[in-house]
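Q: I have a model open here and would like to go through it piece by piece. Can you take some quick questions?

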Amino acid sequence: MNKNKYIALFVIIVLGIIFWVLTSSKTEKTPEEVAPATISTQSVTLVTSPAVAVLAGTKTVNWQTSNYPVDAGVNINLIRKVSDSPRQFVLVRTIETNTPNDKQESWVPLSGENSADLYIQVTCSNSYVFKSGCSLSSEPIKVN
């Protein structure tokens with residue numbers, strides 16, 4: 001190979017490296033773009049703290065998220081189980097809409113909202129557009 005061919009080959013390699021570096025930095029994806037967001041209802045517990053227990057029967061709803069956008073909230077629903085086979089639920093009421101995703105929310109059940117067929121379900125916010133989708137990764141939690 002003559003000297004000009006080596007220079008041309010070197011320029012092609014350098015340009016290829018530059019192109020690869022520029023395109024790989026632009027295609028770096030956020031966690032939300034890589035995998036769908038998921039949300040999982042963890043527990044519903046009675047609050048025993050004297051500071052919060054002023055409102056008798058206050059409960060705490062806990063949840064976890066994965067690949068969840070920082071600026072997206074969550075919805076918390078009270079649902080009633082109407083069938084075991086197949087498992088079916090109906091919405092009783094929405095407790096919170098688009099509440100901050102801080103993994104915990106206090107809730108004061110209304111009269112009659114402690115029956116054995118009531119469950120809490122934390123769901124993906126319906127006021128946010130999830131680029132890769134959002135799904136539930138757990139069953140609703142029974143209200144105790």
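Q: Thr97 first: buried or exposed?
A: Thr97 is exposed, with a relative accessible area of 52%. Exposed means over 50% relative accessible area, buried under 20%, and partly exposed in between, using a 1.4 Å probe and protein chains only.

Q: Before we go on, what sort of model is this?
A: This is a predicted model: local features need pLDDT of at least 70, side-chain atom pairs count only at pLDDT 80 or more, and totals for chains, interfaces and linings use all residues. Residues are numbered from 1 along each chain as its sequence is written, and side-chain values use heavy atoms, with hydrogens and water left out.

Q: Where is Thr97, and what does Thr97 touch?
A: Thr97 is in strand 4; strands (E, at least two residues) are DSSP runs, numbered from the N terminus. Not counting residues up to four places away in sequence, Thr97 touches Val74, Asn75 and Asn126. Contact here means heavy atoms within 4.5 Å.

Q: And how far is Thr97 from Ser127?
A: They are 8.9 Å apart in space, C-alpha to C-alpha, and 30 residues apart in sequence.

Q: What is the strand order in the open sheet?
A: The order is 4-3-6-8, four strands with antiparallel pairing. Two strands pair if DSSP finds at least two bridges between them.

Q: How many bridges join strand 3 to strand 6?
A: Seven, between residues 74-84 and residues 118-124, which run antiparallel. Ile79 stands opposite Tyr119 of strand 6.

Q: Change of topic. How many residues are in the largest nonpolar core?
A: It has 18, and Val61, Trp107 and Ile120 have the most contacts inside it. Such a core is a set of buried Ala, Val, Leu, Ile, Met, Phe, Trp, Tyr and Cys residues joined through side-chain atoms within 4.5 Å.

Q: Which strand gives the most to this core?
A: Strand 6, with four residues.

Q: What about Glu105: buried or exposed?
A: Glu105 is buried yet has no salt bridge, meaning a side-chain nitrogen of Lys or Arg within 4 Å of a carboxyl oxygen of Asp or Glu. The nearest side chain of opposite charge, Arg93, is 11 Å away.

Q: Which side chain does the side chain of Glu105 make a polar contact with?
A: That of Thr99, at 3.0 Å. A polar contact is a pair of N or O atoms within 3.5 Å, and within protein one must be able to donate a hydrogen and the other to accept it; residues adjacent in sequence count only if both atoms are side-chain atoms.

Methods:
Lys, Arg positive; Asp, Glu negative; His and termini not counted.
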